[in-house]
Amino acid sequence: MDTMTPTTRAQQYWYLVTLGRDALLRELAPLNLPDSVTRDPLALAGRCLAADPIGFPEAHQAAERALVPLRGARTFTATVTEEDTTVEHTGVVPVLGEREAGGITGWYAELLLFEHSALLNKAAYRLSRMPGDRTWIVDSDFEPSGHPGTLQTFGSGRLGRKRTLLPPFVAELDRLIAQGPGGAT
């Protein structure tokens, strides 16, 4: 199978559409943009990434500030086999670290997934792994439109029905934790 890696631009775009959208909106707030400009996550991310640093410095700088977590992202490649189909994915992990909620400390991760076969934005997740959890729990995920499908706070996925990651992605996140801070791929 031909292995493809998402371009930096594709990673930036998918991050601003999903996991970095709130940060982008906060950075753009002083510009008092109309709702018609900020409502569509896909269009907004595209506009901000295309913003000329000289012609539209405020939008360009806002995007640059919102993209800070992506600059230190760690990546991995994982293979998922479902029925008779094998698909390779690139995972981009902009945030991975310990976080506290309700007096309990657990692991928090943000994960962008890209499918190699068509280099599609496969998914974007906010994840938690609290003490006693056997796997990573999906706290938030995003639709292809960039709008949240599920939006829960850190660690809240422990209650009720849990959505989890597939084992190859769990293994990669656990490997990144074991590696310690820094170091990609």
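A salt bridge here is a side-chain nitrogen of Lys or Arg within 4 Å of a carboxyl oxygen of Asp or Glu. Side chains of opposite charge can pair when their charged atoms come close.

What you have above is a predicted model, in which local features need pLDDT of at least 70, side-chain atom pairs count only at pLDDT 80 or more, and totals for chains, interfaces and linings use all residues. Residues are numbered from 1 along each chain as its sequence is written, and side-chain values use heavy atoms, with hydrogens and water left out.

Searching the whole structure turns up six salt bridges. Here are some of them, with the N to O distance for each.

| Salt bridge | Distance |
|---|---|
| Arg65 and Glu27 | 2.4 Å |
| Arg175 and Glu172 | 2.7 Å |
| Glu110 and Arg126 | 3.9 Å |

Let's start with Arg65 and Glu27, whose side chains meet in a salt bridge. This pair links distant parts of the chain, since Arg65 belongs to helix α5 (residues 57-66) and Glu27 to helix α2 (residues 21-28), 38 residues apart. Helices are DSSP runs of H or I with at least four residues, strands are runs of E with at least two, and both are numbered from the N terminus. For accessibility, buried means under 20% relative accessible area, exposed means over 50%, and partly exposed is in between (1.4 Å probe, protein chains only). Arg65 is partly exposed at 41%, and Glu27 is partly exposed too, at 26%.

Next up is a pair within one helix. Arg175 and Glu172 sit three residues apart in helix α7 (residues 167-179), so about one helical turn separates them. Arg175 is partly exposed, with 29% relative accessibility, whereas Glu172 is buried at 16%.

Now for Glu110 and its salt bridge with Arg126.

What else does Glu110 touch, not counting residues up to four places away in sequence? Taking contact as heavy atoms within 4.5 Å, its neighbors include Tyr15, Leu19, Val92, Pro94 and Tyr125, as well as Arg126. The side chain of Glu110 also makes a polar contact of 2.7 Å with that of Tyr108. A polar contact is a pair of N or O atoms within 3.5 Å; within protein, one must be able to donate a hydrogen and the other to accept it, and residues adjacent in sequence count only if both atoms are side-chain atoms.
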